[in-house]
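Biologist: Please put the model on screen. I have some quick questions.

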Amino acid sequence: MNQAFQSVMKENPFVEFDCIVIGAGPAGFAASVEAARSGLSVLLIEQLGFPGGIASASLCPHIMGYTEAGKQLVKGIADEFARSLDRIGCAAFNRGDEYEMPIGDKPLTTSVITTKPAVQYTMNAMLDAAKVKTLYYTSLIAVERDGNRIAAVYVNCREGIIRIPARVFIDATGDAHLVHRAGGETREHDPEESMTKTLLMHVNGVKDFKRSETKTRFRELSKQGLVPVAGQDNFMGFSIPMHPGETHLNFTMTAGNAVTSAACTEMDKELRRQAFDGIAWFKKNFKGFESAYLADIADMIGIRAARNIVGKATVTEKAILADEAVTEPVVNSKCYYGDHYSKSFSASWAKTGGVRAVPFGAMLPVTLSNVIAAGRNISSEPRVITTFRLMATCMGLGQAAGITAAYAVEKIVNANEVPYSAVSAAFREKGVLYHD
Ligand SMILES: Cc1cc2nc3c(=O)[nH]c(=O)nc-3n(C[C@H](O)[C@H](O)[C@H](O)COP(=O)(O)OP(=O)(O)OC[C@H]3O[C@@H](n4cnc5c(N)ncnc54)[C@H](O)[C@@H]3O)c2cc1C
């Protein structure tokens, strides 16, 4: 450790934890709740001041991944989360031009719209109820290794830098920051080939918003080359039913290397410009938008994919296309990829339809023995990440990581060597591996 670092080092005020989870997005939230409910002492570290990851910091209160062809695909904590949102009046089924709330005990056979504050409040409530120790305003900065194990993480807290050891670690950072900082194997994505980066926004003052009509008008303008964002040829947006007059717009897009701060800074500035110019364009060109104004915009650009781990198994396009049987399935998800392409919404290689399972080995790094990956940074070829990146699936992957961590700690085995047969029954019983 160099001297500059040592002068700001602080004593670790915590006891040693069984499990440290880095990243409080949908995956890290579910991983922490599950691991704590299974009896582990769990510390959840998040660089922002709140949980939710992209759902809150990137303003995406729209939980997809619950369903395919009218059947529910994941239960467990992902299901519990939707029901908890519903109990505070903040969950609606998205049925195109129509919305349905409350959702009650109906199966989750469509996506669930909620709000950013509801995501943050509900995740905090579930984390507290499970007795997870949450530490926000804290970033992972470095990792101490002991052979193939992570011995401790160094985190930057507001009071200084703290070294915190644990027995098992979960990388739920979205872009494999933990595995990367530990020197584990990762895979970076070509920005042109992987999905676009977007700054989501909410506008108020829209009258009688009809998604289908807006989509048709958008298509006409796109055919005439009049959309002010290059490559954006598909309208994406919906009403927030619990906030009358508020409309969510997924409109801005750019491509860049999201594992560098410099590129993220440039993309952020470009997307904020697109958002402002875009609202002016919507006001001029769409009926009902005449008095619209920008009410909220994401704090951070939404990164769909940038880097993931290299795992013992990898989700591949070949396996998905061939519908190959997955021998060690963790969670089911809808086969769906090739959208949010950098040149147009759909790539020529886009595919949709059918159910595929994520293999257990995709969560287990090849070299780091006491680490599990959860969420959008599991091992995958970049093109097919959409098949498991939606939030309900990420919560399923997080819950599976929590189950695996609890087994590894209890049986004193390496997390990346936990046999599938030891955890598969729990995946099924707890609703992670589920299909109506
Ligand atoms: C623009 C956009 C629109 C989307 N639309 C939808 C949609 O409509 N429906 C849907 O279901 N999904 C959607 N998705 C996908 C979905 O939001 C993500 O795939 C999902 O949130 C991934 O969950 P995660 O927990 O793996 O990662 P993330 O949500 O990215 O969470 C990672 C967390 O780790 C934290 N973190 C990262 N590095 C560090 C560090 N060094 N120290 C501490 N904390 C750290 C981050 O701050 C963040 O909170 C969208 C994604 C984007 C970008």
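Biologist: Which residue in β19 is the bridge partner of N204?
Modeller: Y293 is the bridge partner of N204 there. Strand β19 covers residues 293-297 and pairs with β16 in the antiparallel sense, over four bridges. Strands here are DSSP runs of E with at least two residues, helices are runs of H or I with at least four, and both are numbered from the N terminus. Two strands pair if DSSP finds at least two bridges between them.

Biologist: Before we go on, what sort of model is this?
Modeller: It is a predicted model: local features need pLDDT of at least 70, side-chain atom pairs count only at pLDDT 80 or more, and totals for chains, interfaces and linings use all residues.

Biologist: OK, back to β16. Which other strand does β16 pair with, over three bridges?
Modeller: That is β18, again in the antiparallel sense. H202 has H248 in β18 as its bridge partner.

Biologist: Which way do the β16 side chains point?
Modeller: M201 and V203 point one way, and H202 and N204 the other way. In a regular strand, side chains alternate between the two faces of the sheet. All four of these residues, M201, H202, V203 and N204, are buried. Buried means under 20% relative accessible area, exposed means over 50%, and partly exposed lies in between, with a 1.4 Å probe and protein chains only.

Biologist: Is D208 buried or exposed?
Modeller: Exposed, with a relative accessible area of 72%.

Biologist: Which other non-glycine has a positive phi of about 50°?
Modeller: D323 does. D323 is in the loop between α9 (317-322) and β22 (329-339). D323 counts as partly exposed because its relative accessible area is 47%.

Biologist: Where is the cis peptide bond?
Modeller: Between M101 and P102, with omega about 0°. Most peptide bonds are trans. P102 is in the loop between β8 and β9.

Biologist: What is the strand order in the open sheet of four strands?
Modeller: β4-β9-β7-β8, with antiparallel pairing. The edge strands are β4 (62-63) and β8 (98-100), and each pairs on one side only. Two bridges join β4 to β9, residues 112-113. H62 stands opposite I113 in β9.

Biologist: What sits in the loop between α3 and β4?
Modeller: P61 does. P61 is buried, with a relative accessible area of 1%. Its contacts (heavy atoms within 4.5 Å) include V112, I113, H202 and H248, once residues up to four places away in sequence are left out.

Biologist: How far is P61 from T114?
Modeller: They are 53 residues apart in sequence, but 5.2 Å apart in space, C-alpha to C-alpha.

Biologist: New topic. Which residues does T254 touch?
Modeller: T196, K197, M267, E270 and L271, not counting residues up to four places away in sequence. T254 lies in the loop between β18 (247-249) and α8 (261-285). T254 is buried, at 17% relative accessibility.

Biologist: How many bridges join β11 and β12?
Modeller: Seven, in the antiparallel sense, with β11 at residues 139-146 and β12 at 149-157. V143 stands opposite V153 in β12. Two residues lie between these hairpin strands, and G147 takes a positive phi near 65°.

Biologist: Now zoom out. How many helices and strands are there?
Modeller: 12 helices and 24 strands. Buried residues make up 58% of the 436 residues.

Biologist: How does the radius of gyration look against a compact globule?
Modeller: A compact globule of 436 residues would have a value near 22 Å, and this protein has 21 Å, so the two agree. The radius is taken over C-alpha atoms, and the globule rule is 2.2 Å times the number of residues to the power 0.38. The C-alpha atoms fill a box of roughly 60 × 50 × 40 Å along the principal axes.

Terms used: Residues numbered from 1 in each chain as written. Heavy atoms only, no water.
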